[in-house]
Amino acid sequence: MKSLRIGSGAGYSGDRIEPAIELAQQGDLDYLVFECLAERTIALAQQARLADPHSGYDPLLGARMRGVLPFVGATASGRRLRIISNMGAANPLAAVAEVQRIAAELGLPGLKVIAVLGDDVLENLRARPEWVLDNGQTLGSLGQRLISANAYLGAQGIVEALRADADVVITGRVADPSLFLAPQIFEFGWAEDDWLRLGRGTLVGHLLECAGQVSGGYFADPGVKNVAGLARLGFPLAEVDAQGAALITKVKGSGGQVSSATCTEQLIYEVHDPAAYLTPDVCADFSAVGFVEEAPDRVRLQGAAGSPRPERLKVSVGYLDGWIGEGQISYGGPGAVARARLARDIVLERLALTGVQMQEVRAELIGIDALHGVELGQRAPAEPWEVRLRVAARCTDKAEAVRVGNEVETLYTNGPAGGGGASKSLRQVVAVASLLLPREAVRVTLHQEVRA
């Protein structure tokens, strides 16, 4: 029975590159998938494209492609390595042009690179100002602050690109597991209503989509869950057959571990209802999923199923929502906590006295109450000898946000003794909300840029 080998080359935009190269070089793969888009990531990419029409794709696209393109094509074992990625983000067309440029630079001019388009539905939504987002706001109320709207596409556009013989498929917003489901549909000829196999293939995608998380990253807890070799963590790969039966493993000798425990933790990641994990391709049922450790770093999956897909697609809407001004300063030595608390009181009082216009403000002592709040923070058995004050506020007006960091900086000479290492920053807020769009309102197309 034919077996397909699919590797995970990235779990987010800024992920490591070396494990992906290791997979391309040593994984004997049919497909290497880079999953690099979060909801906020694509909104920021849309903002970047507005500033520069040649921008808007993943900033590590070039580095990743230089690392793995030399391995694309026929492998020594007779497999054919192909690349699938949503690194096109807000500008798949520019990303395709960049991949082709890099391919020519590497002496690979014949590489076929295809973009999957159709996720950008911003203009559709501009015509529907009365539609309501999940936060209660209407699209019309956002006005010019509305900067992006991207529908979560499914596997079908990628499947069509593979049928067109693409070596590299670049997409924008595609549901994370769909990136991994597409090659399974293509290679095994699964029907679009084969819910059982689509559910099984979606489980594979869900386990692989966060890369190193399923091979021991974000799992390790010294003394509780020990994981060796995290500095050279190996990213996972799946071996899948035509029935959707699959096994998760990694390159032999790489760091990390693949176990039933790592797979279980990834299984429940971002799953609201295990019996109804909604994707554009299938309503996957993970409620009976189990894992069997066949050997070290080899875990068999079982129990996934599926039912008909949703009739509507999720749309991630990005909009500008003010500015965050922030300032930080450290205190050390005996009495550091008391001095930091005094500094916090001073800044909050100053922000009120000077009339800084804020929608939200947060003032916390990192190492004391930043994560768990004041009540739990006061239960620490011993007082630390170093603590850092952070004050951040969200403001509608940029100039008001600037004043927050400035006020913290003045603690150098106007606050308690021993403050040092002050820093301040300013950033625009790109907020994200969602709505559902009828499937028929989204039109998926392919684009290949032909070069002489």
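A pocket, as the word is used here, is an open set of grid points where a 1.4 Å probe fits, with protein on both sides within 12 Å along at least five of seven lines. With that in hand, let us walk through this structure, which is a predicted model.

The largest pocket has a volume of about 1,200 Å³. Its lining is made of 39 residues, and the closest to the pocket's centre are Asp-176, Glu-209, Tyr-269, Glu-270 and Tyr-277. Several elements take part: α2 (39-51), α8 (176-188), β10 (277-278) and β15 (312-332) each supply at least two lining residues. The largest share, three residues, comes from β15. Sorted by class, the lining of this pocket holds 20 nonpolar, eight polar and eleven charged residues.

Now look for the second largest pocket, with a volume of about 330 Å³. Here 16 residues form the lining, and Gly-154, Gln-156, Pro-280, Arg-309 and Arg-439 are the closest to the centre. Nine of the lining residues of this second pocket are nonpolar, three are polar and four are charged.

Next, step back to the overall layout. The protein is divided into domain 1, which covers 4-118 + 153-310, and domain 2, which covers 317-434. Taken over C-alpha atoms, the centres of the two domains are separated by 39 Å. Where they meet, five residues of domain 1 are in contact with six residues of domain 2.

What about the interior? In soluble globular proteins, nonpolar side chains tend to be buried together. In this model the largest nonpolar core has 65 residues, and those with the most contacts inside it are Leu-125, Ile-158, Ile-248, Val-315 and Val-317. Domain 1 and domain 2 both give residues to this core, so it lies between them. A second, separate core has 32 residues, including Leu-81, Val-96, Ile-102 and Val-251.

Leaving aside neighbours within four places in sequence, Ile-158 is in contact with Ile-84, Val-116, Val-169, Thr-171, Val-174, Ser-178, Leu-179 and Ala-182.

Finally, find Ser-434 in strand β18, which spans residues 420-438. Is Ser-434 buried or exposed? Its relative accessible area is 12%, and buried means under 20%, so Ser-434 counts as buried. Not counting residues up to four places away in sequence, Ser-434 touches Glu-39, Leu-133, Asp-134, Lys-314 and Val-315. Val-315 is a residue you have already met, among those with the most contacts inside the largest nonpolar core.

Notes. Residues numbered from 1 in each chain as written. Predicted model: local features only at pLDDT ≥ 70, side-chain atom pairs only at ≥ 80, totals over all residues. Heavy atoms only, no water. Core = buried A, V, L, I, M, F, W, Y, C linked by side-chain atoms within 4.5 Å. Buried < 20%, exposed > 50% of the residue type's maximum accessible area, 1.4 Å probe, protein only. Domains from an automatic or database assignment. Contact = heavy atoms within 4.5 Å. 1 Å grid on protein atoms, 1.4 Å probe; cavity = no way out; pocket = protein on both sides within 12 Å on 5 of 7 lines; lining within 4 Å. Points joined across faces, edges and corners; volume = space filled by probe spheres on them. Helix = DSSP H or I, 4+ residues; strand = E, 2+ residues; numbered from the N terminus. Nonpolar A, V, L, I, M, F, W, Y, C, P; charged D, E, K, R; others polar.
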